Amino acid sequence: NPLLSIAPAPAAASKAIHVNLYGGTNAYSSSEWNNWDVNSSLSLSSLKYNDATVSTIGAVLSKSEGVNDNGSTYGAGMAPAEVLRYTSNSASSRTLTLSGLSTNKTYNLELFGSRDNYSGNFTVYTINGVAQNVSTYKNLAGSAAFTNIAPNSNGQIVVSIDNSQNYNYLNGFTLTEAKVLQVNIFGGSYAYSNAAWNNWNVSGSLSSGALNYNDATASSISAALSKSSGVNDNGSTYGSGMAPASVLRYTSNATVARTLTISGLSADKTYSLELYASRDNYSGNYTVFTVNGVTERTSTYRNFTGKAVFSSLVPSSSGTIVVTISNDQNYNYVNGFTLIEGSSSSATARTATTATTTSNTSETIESSLVVSPNPFTDKFALKVTNNLTGALKAQIVDAKGVVKKEFSLTKSLTGTMQTYLSAGELPAGSYVIKVQMTGWSQTLPVGKL
């Protein structure tokens, strides 16, 4: 593609490290998984990838007070049933340390905690100050998923594992290298000479063509701008911060709302998206980025730090994410963006699924309610699947049964509806989200960090 400075490389198969914790009997007989007998040793070195090649990566668990057996008929979901069957437990805080990682890469880590006992029990997994609170009782869907983690200077990722009551659990985990795609928007001169970045000359075409990941492997992903009125040069001495100086130097502008459409995404994965808007002109100017009703308003004047960040984005069924770019005065800008691929969307969200018969039909269908991320800090995606349309009410209810926040929505199509909601003002704690439509209702435990 002449608009890209990076020659496409053959796509590489994604490699993962899968680890099953157990107690020495009934190991998982899959060549893709490492079996770790934590009753015999709290460390495991030279973990194998899922293609059976050996890595430099090892794992150490600071403590395991025992291994519980959930039973041979325990179910599967976020991980195979053989992995969810056994779980290491502790009544006090402990750590899982992964070592031998590259300090030049970032990683995704998914942790599984599930126990056929102690209703209401939660395990709290924390990495670099970010916590995820997982309801472990008969948990088949709610993994803790962390994306784009940078190892420390020693090549380690340290996970703190704690419990809100009773015990904390760890059944296993999956580690993958984060797939990151970075795009520099410019006008045809002074492309960014960094193999980790794609250069998109929007003066030449409003379609990027196929983009590469930051390791120079090819992706199926492309981008398209609906409009670009011009490209501004902020100057060769313009600074860096949220992105390299070469990315912040040039910015595409428009005076009316436009869209950035990212295509070729996997509909069963989640993504994080960072957008950069910076201009050495028009003090007081703002660019407004909106994805699925969630808005980030960015002050663009000499902006080196204020990126717009959207997390846990689920693409449409056709594999697209659409960003609306607008302005409240003068111009809107976009200098570039970074897209980070996460885990499967079913793994990063806690899901409630039921077989439901509605009042409109005798047909029994599979309905579901998903909140992602769960727990949330501010914004979260609410995904409702059923065969109904019409008014929809979502309530966040505290432990005393008091409704703390309510949303009135409309579900216009049968099947799946996804919307983004915000409840950042609520105190941290455990809640229930209750979603109601005529002839259908469902509840789901959620956590607020």
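## A walk through a predicted protein chain

In this predicted model, 49% of the 449 residues of the protein chain count as buried, where buried means that under 20% of the relative accessible area remains. The accessible surface of the chain comes to about 18200 Å², and carbon and sulfur atoms account for 46% of that area.

When we turn to the fold, the secondary structure of the protein chain consists of 35 strands together with three helices. The radius of gyration is 23 Å, close to the 22 Å that the globule rule gives for 449 residues, so the chain is as compact as a globular protein of that length. Taken along the principal axes, the box that the C-alpha atoms fill is roughly 65 × 55 × 40 Å. If we consider the contacts between residues at least 6 apart in sequence, 66% of them join residues that are at least 24 apart.

In soluble globular proteins, nonpolar side chains tend to be buried together. The largest nonpolar core of this model has 32 residues, and those with the most contacts inside this core are Trp200, Leu260, Leu275, Val323 and Phe337. A second, separate core has 28 residues, including Ile17, Leu109, Leu170 and Phe173.

Finally, we come to the charged side chains, of which the protein chain has 27 positive and 24 negative ones, with the centres of the two sets lying 5 Å apart.

Methods. Residues numbered from 1 in each chain as written. Predicted model: local features only at pLDDT ≥ 70, side-chain atom pairs only at ≥ 80, totals over all residues. Heavy atoms only, no water. Helix = DSSP H or I, 4+ residues; strand = E, 2+ residues; numbered from the N terminus. Rg over C-alpha atoms; globule rule 2.2 N^0.38 Å. Buried < 20%, exposed > 50% of the residue type's maximum accessible area, 1.4 Å probe, protein only. Contact = heavy atoms within 4.5 Å. Areas by Shrake-Rupley, 256 points an atom, 1.4 Å probe, with all protein chains shown as cover. Lys, Arg positive; Asp, Glu negative; His and termini not counted. Charge placed at Lys NZ, Arg CZ, Asp CG, Glu CD. Core = buried A, V, L, I, M, F, W, Y, C linked by side-chain atoms within 4.5 Å.
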